[in-house]
Amino acid sequence: MFVLVADDSRVMRQIVIRTLRQAGYDDWEIIEANDGQEAYEMALDHQPDLILSDWNMPRATGIEALQALRQAGCDIPFGFVTSEGSPEMREQAEAAGALFLIAKPFTADSFREALDPVLA
Amino acid sequence: MSQVAFQVSKEQVLEITQEVFTAMLDQGETLTFERFEPVPDFADPLFAWVEMHADSEFGAFTGRAVVKTETETAHEITRSLLMLAPDEEVTEADLTDAFGEIANVVGGNVKALIDAVARLTLPQVGATPPVEENAMFLQELAIDWRGRVLVVSLWVLL
């Protein structure tokens, strides 16, 4: 698997990647984006198999990146990893085409629960 | 009024803080507890905060979640989040990033309790607290974590 992890926090990207390893996805190749705009550009340039993105980021938010990707005809599977897990946000994410929303703080189990059905 | 829409109990703040620290810092072990003793004066404090702009049926308002602690404790949080060795240097950028992320996750979870559609700001970190002028204090919780003290407070900006 080739995965793009987008978060404006380097610390959080590191925690997400560490948690993916702990969840058993330790052979995944991962590239990182610093914000929504970079996530959009890197997704189109590198065509990853999956995008894991924060919601609230500078330049472009995660939802804006997702909407722009879909408008550009890019249908790479997309999931949010965000501190904002309210029902409204989940509805908005789903409406935009996200497959799941993992709320922070998360555990390796939260990742497996969200990712295993997508990978099946 | 805004207080009606932004009602978060001390128990809810404790639950959120415990969940954040247990999952992000303490590998599933609960090491954060409410502190009942007086909070000592912080000699070298550091503040991290996020704001949430909400539109509720009672009108628009802005809430703020602030985490305050000793800078040395913020260093310890950064070391734990990045799994740094005790002798590894914590850079200023990592300190701001890591401590801001704690406020971001606490604030994001507080926002989920608000009875309104809200937008979260990016976290800010500073040695001085955010401006308290026109800010109405709502809730405060002192936390003991690994023998260190943190204070989480919630505000409504008027």
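Predicted model: local features only at pLDDT ≥ 70, side-chain atom pairs only at ≥ 80, totals over all residues.

Reader: How much area is buried between chain A and chain B, and what percentage of it do carbon and sulfur atoms give?

Author: The area buried between chain A and chain B is put at about 1,700 Å². Of this area, the part given by carbon and sulfur atoms is 56%.

Reader: Which residue of chain A forms a salt bridge with Asp94(B)?

Author: Across the interface of chain A and chain B the rule finds three salt bridges, and it also finds eleven residue pairs in polar contact, both residues being at pLDDT 80 or more. In the salt bridge of Asp94(B), the closest N and O atoms are 2.8 Å apart, and the partner in chain A is Arg10(A).

Reader: Which residues have the most contacts inside the largest nonpolar core?

Author: Nonpolar side chains tend to be buried together in soluble globular proteins. Here the largest nonpolar core has 63 residues, and helix 4 (residues 92–111) of chain B gives the most to this core, with eight residues. Apart from this core lies another, of 23 residues, among them Leu4(A), Met57(A), Ile76(A) and Ala96(A). Inside the largest core, the residues with the most contacts are Leu52(A) and Phe111(A).

Reader: Which residues is Phe111(A) in contact with, leaving aside its neighbours within four places in sequence?

Author: Once the neighbours within four places in sequence are left aside, the contacts of Phe111(A) include Val16(A), Thr19(A), Leu20(A), Ala23(A) and Tyr25(A).

Reader: Is Ala60(A) buried or exposed?

Author: Ala60(A) has its place in the loop between strand 3 (50–53) and helix 3 (62–71) of chain A, and, leaving aside neighbours within four places in sequence, Ala60(A) is in contact with Asp35(A), Gly36(A) and Gln37(A). Because its relative accessible area is 9% and the cut-off is under 20%, Ala60(A) counts as buried.

Reader: How many residues apart in sequence are the parts that Lys104(A) and Asp54(A) tie together?

Author: The side chains of Lys104(A) and Asp54(A) meet in a salt bridge, at 3.5 Å from N to O. Lys104(A) is buried at 1% relative accessibility, and Asp54(A) is buried as well, with a relative accessible area of 3%. Since Lys104(A) lies in the loop between strand 5 (100–103) and helix 5 (108–119) of chain A, and Asp54(A) in the loop between strand 3 and helix 3 of chain A, the pair ties together parts whose separation in sequence is 50 residues.

Reader: Which residues do salt bridges that share partners join into one network in chain B?

Author: The side chains of Glu72(B) and Arg148(B) meet in a salt bridge at 3.6 Å, N to O, and Glu72(B) lies in helix 3 (residues 71–82) of chain B while Arg148(B) lies in strand 7 (residues 148–157) of chain B. Arg146(B) forms a salt bridge with Glu76(B), with the closest N and O atoms 3.8 Å apart, and this pair ties together parts that are 70 residues apart in sequence. Salt bridges that share partners make one network, and its residues are Asp26(B), Glu72(B), Glu76(B), Arg146(B) and Arg148(B).

Reader: Which residue has its backbone oxygen 2.7 Å from a polar atom of the side chain of Thr17(B)?

Author: Thr17(B) has its place in helix 2 (residues 10–24) of chain B and is buried, at 2% relative accessibility. Leaving aside neighbours within four places in sequence, Thr17(B) is in contact with Thr32(B), Ile143(B) and Val152(B). The backbone oxygen that lies 2.7 Å from a polar atom of the side chain of Thr17(B) belongs to Val13(B).

Conventions
Residues numbered from 1 in each chain as written. Chains lettered and ligands numbered in written order. Heavy atoms only, no water. Buried area = accessible area lost by both parts, 1.4 Å probe. Salt bridge = Lys/Arg side-chain N within 4 Å of Asp/Glu carboxyl O. Polar contact = N/O pair within 3.5 Å; in protein donor to acceptor, adjacent residues only side chain to side chain. Core = buried A, V, L, I, M, F, W, Y, C linked by side-chain atoms within 4.5 Å. Buried < 20%, exposed > 50% of the residue type's maximum accessible area, 1.4 Å probe, protein only. Helix = DSSP H or I, 4+ residues; strand = E, 2+ residues; numbered from the N terminus. Contact = heavy atoms within 4.5 Å.
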